[in-house]
Amino acid sequence: MRPRRRRAALVIALGVVAALTAPAPVATASAPSEASRATVSGTSVGGTITGATTKAAKSPSRKTTTKLPAGPRVRAIPGRTTTTLRWGRTKGATRYLVELTTGTNPGTKKTRRITTSRTTIRVTGLRQSTTYKVRVSADRGVRTRPSRAITTRTSSKAASRVVARAVPAGADSIRVSWTRPARATSVTVAIAPTQAALADRGARVTINGISAWTTSMVVKVPARLRNRIGSTSGNPVYVRVTVYNSEHRWTHAATVAAYAGSPAVRGTAADRTKVATYNVQLPSITQHIPGRRWADRRLAVARAIARGKPDVVGLQETDMSFVEPGVRQYQDVERLVAPYGYAWATSAEQIDAIRTTVPRRSLGAHLIYRTATTELLDSGLTSLRNAAATYDPTTPWVDATGAIDPDRYATWALFRDRDSGREFYAASAHLKNGDDMATQVLRDVSAGGLDLFLRSLARSQGRPAAPVVILADLNSDDLRFPEGAHETFLAAGYVSSASAPRCDNMNVATVNSRSSGYPSRPTVVPFAGMRIDHILVRGGGGVARHTNQVVLTSKGTFDEGFRGSDHNLQLAEISLAPR
């Protein structure tokens with residue numbers, strides 16, 4: 001029995017020696033034990049814990065250091081009694097501690113502390129013209145080191161001026177961007193159909209309260225303005241960015257403009273055809289202007305038509321007056337374009353049937369087509385007075401004095417494109433000129449009536465889905481008549497060719513002079529020129545390109561070899577592909 005006790009005592013003694021000589025466990029930053037967590041001690045210097053040891057084993061002595069993550073970088077835009085702060089998001093952070101002080105060191109008793117989950121905040125209630133020190137710490141379970149303190153000083157000066165820019169950004173949308181202001185409390189973006197409307201609260205759309213740190217946003221045109229400045233209108237969206245430094249002090253950026261994103265174009269190159277509209281100007285208007293009489297400019301009319309090689313052209317002011325013995329103006333134009341491969345869409349018999357039976361009428365809107373690319377299937381003329389009566393029986397066809405107004409005739413035709421075999425309708429019209437309300441009403445009901453006539457015609461001929469193209473001098477533009485005839489067509493589902501993804505010379509008006517003179521150079525405006533000559537398309541695969549044809553010399557003056565009228569020819573490449 002005695003020897004067994006000796007062995008047991010020896011085993012116990014060896015166990016004590018082993019315990020005394022075994023290395024002490026080391027706590028790690030990633031997974032400390034409960035014992036080590038309970039016994040860590042030391043002081044914090046510059047964000048580092050030093051002198052941390054465990055009481056479980058004093059030997060061998062060992063130091064550990066744990067460096068806290070760096071705090072985010074902070075930036076500030078001061079205002080009158082505010083500052084807008086922004087910093088980068090810290091991975092894993094759930095909230096941030098913002099510290100502001102007028103002293104030299106954030107963290108003192110005078111420090112203002114704000115806890116937030118956002119990375120951009122606007123701090124209000126600050127003193128005017130006062131310097132603040134700011135720092136931010138992130139909390140992700142373990143608080144980060146505070147950011148390096150920055151200095152920001154409130155300022156009562158006017159808000160900084162910014163440079164704005166606008167570009168298309170999809171259907172009925174534009175993207176507005178601007179440079180970051182040095183002083184600001186907030187930013188406002190306003191859009192409107194015209195530059196003047198930006199000053200009208202009832203006409204503009206305003207987005208208020210944008211953060212001073214925001215420098216870009218997408219703005220969608222509201223439904224009530226889409227016929228005027230939406231994607232199908234061909235009109236620009238006017239934009240003004242205003243920077244505020246308090247609600248009573250602001251600075252406007254320069255007005256900019258952009259077109260909303262263009263509608264998609266479908267189909268292949270074979271589905272496309274070119275159409276144009278051209279007011280060639282009545283001979284009677286220029287007969288007393290030296291160098292501008294019909295005989296002086298008739299060849300330029302034909303050259304202007306042939307230059308862009310349109311397949312179908314709507315002509316206006318090609319009337320019944322004689323330009324030489326036995327030859328009416330429209331017949332002279334027919335002779336001039338024939339060498340370029342064009343033919344008249346209506347016969348002399350069809351025209352004479354109107355000319356000889358309707359004494360007071362306007363019969364100057366016609367269609368021509370290029371026979372090599374386009375086949376004529378049917379054609380005719382229609383009374384706009386009768387069409388308007390169908391559209392709105394309550395509106396009398398009278399002028400500003402209440403007298404019966406002369407009837408106006410539009411020409412229509414059904415064509416087949418030879419490349420694709422696709423059929424489409426085209427109509428040429430010239431609506432009455434004038435600013436009085438009676439004339440404006442006649443234009444509107446004429447547009448609505450012509451659309452109804454063409455829809456009825458297409459149904460009666462078994463082609464209700466065929467594309468329809470309006471080629472017209474509507475004497476209606478968005479600047480003078482914002483709810484004019486062009487908007488009547490847009491509301492009926494038409495798309496302006498000026499909404500194409502590619503447009504040329506849009507900062508020049510479609511008509512160069514509203515008086516008897518002919519300017520030597522086009523008038524170039526900052527945004528969009530006045531457009532009274534329109535190409536509007538319903539159905540089909542969209543519009544690929546629009547051109548306001550302005551032919552200039554190397555000196556920037558009009559090339560007289562192509563200036564046959566005070567109007568510019570409008571040209572569009574459209575797709576006849578089905579929807």
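Q: How do β27 and strand β28 (residues 423–430) pair, and over how many bridges?
A: β27 and β28 pair in the antiparallel sense over six bridges, where strands are DSSP runs (E, at least two residues) numbered from the N terminus, and two strands pair if DSSP finds at least two bridges between them. This is a predicted model, in which local features need pLDDT of at least 70, side-chain atom pairs count only at pLDDT 80 or more, and totals for chains, interfaces and linings use all residues. Residues are numbered from 1 along each chain as its sequence is written, and side-chain values use heavy atoms, with hydrogens and water left out.

Q: Which residue in β28 is the bridge partner of L414?
A: The bridge partner of L414 in β28 is Y425, while D378 also stands opposite L414 in β27.

Q: Which way does strand β26 (residues 374–383) run against β27?
A: β26 and β27 run antiparallel and are joined by nine bridges, whereas strand β24 (residues 361–362) runs parallel to β27, with two bridges joining them.

Q: Why is β27 largely enclosed?
A: Ten of the eleven residues of β27 (residues 407–417) are buried, so the strand is largely enclosed by the rest of the structure; buried means under 20% relative accessible area, with a 1.4 Å probe and protein chains only.

Q: Switching topic, which residues are buried in α5?
A: The buried residues of α5, a helix (a DSSP run of H or I, at least four residues), include W294, R297, R298 and A300. Just after α5, K309 takes a positive phi of about 50 degrees.

Conventions: Buried < 20%, exposed > 50% of the residue type's maximum accessible area, 1.4 Å probe, protein only.
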